[in-house]
Amino acid sequence: MRTCNLLKNLLKQFLSVLTVTPTEFFIISAVLDTEPPFVEGEKREWLHRHLPQLSDENMLFVPAGADKSSIIPEMSADCILIDDYNKNLSEWRIQGGTAIKFINDINDRGLGAYGGEIGNIWDGERVRYNDSAMATCLRIERLSGITNTI
């Protein structure tokens, strides 16, 4: 995890929203059963290095495949999940949250990877890894009712 390439635009997008809104943010990340036990620690270390504004209490880890919406006690439309995995997004949306697909250069082709059935492409809102921070902030503002992120 320590050596993962940083998606610089995504980080800039997230920091833009994180630093100028009073909204509480959480990272919900999956941990595979097959990963070594230190992976969660490495993910926390990475988050502390790149998003120092987030506290440990705002870094939540779930087993891979678990329903991320199940750890949110009072789900509503202002609970926004940005994820690259269709299954997570669908479960979040079913529970009443707002789901936004994070599109990278491989996960929006309908090939059956990243939680989608072959031929199915996410039908909801999207942000792309190469979107500008401004475009992402404006989209999140529109979807959530947050104002003045820019």
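## Close-up views of a predicted model

β4 is largely enclosed by the rest of the structure, because six of its six residues are buried (buried means under 20% relative accessible area, exposed over 50% and partly exposed in between, with a 1.4 Å probe and protein chains only). Helices (H or I, at least four residues) and strands (E, at least two) are DSSP runs, numbered from the N terminus. This is a predicted model, in which local features need pLDDT of at least 70 and side-chain atom pairs count only at pLDDT 80 or more, while totals for chains, interfaces and linings use all residues. Residues are numbered from 1 along each chain as its sequence is written, and side-chain values use heavy atoms, with hydrogens and water left out.

**View 1. The two faces of β4.** Which residues of β4 point the way that Thr98 does, and which the other way? Ile100 and Phe102 go with Thr98, whereas Ala99, Lys101 and Ile103 point the other way, and all are buried. In a regular strand the side chains alternate between the two faces of the sheet.

**View 2. Bridge partners along β4.** β3 and β4 run parallel and are joined by four bridges. Within this pairing, Leu81 has Ala99 of β4 as its bridge partner, and Ile82 has Ile100. Four bridges also join β4 to β5, again running parallel, and in β5 the bridge partner of Ile100 is Glu125.

**View 3. Helices on the sheet.** β3, α3 and β4 together make a right-handed β-α-β unit; a crossover is right-handed if, with the strands pointing away from the viewer, the path from the first strand over the helix to the second runs clockwise.

View 4. Glu40 and Arg44 meet through their side chains in a salt bridge (3.4 Å, N to O); the term means a side-chain nitrogen of Lys or Arg within 4 Å of a carboxyl oxygen of Asp or Glu. Side chains of opposite charge can pair when their charged atoms come close. Why are Glu40 and Arg44 separated by about one helical turn? Because they are four residues apart in helix α2 (residues 39-50). Glu40 is partly exposed, at 30% relative accessible area, and Arg44 is partly exposed too, at 22%. A network of salt bridges links Glu40, Arg44 and Asp56.

View 5. Glu91 and Lys87 form a salt bridge, with the closest N and O atoms 2.8 Å apart. Glu91 counts as buried at 18% relative accessibility, while Lys87 is partly exposed at 29%. Asp123 forms a salt bridge with Arg93, and here the closest N and O atoms are 2.8 Å apart. Asp123 lies in the loop between β4 (98-103) and β5 (125-128) and Arg93 in helix α3, so the pair ties together parts that are 30 residues apart in sequence.

Terms used. Two strands pair if DSSP finds at least two bridges between them.
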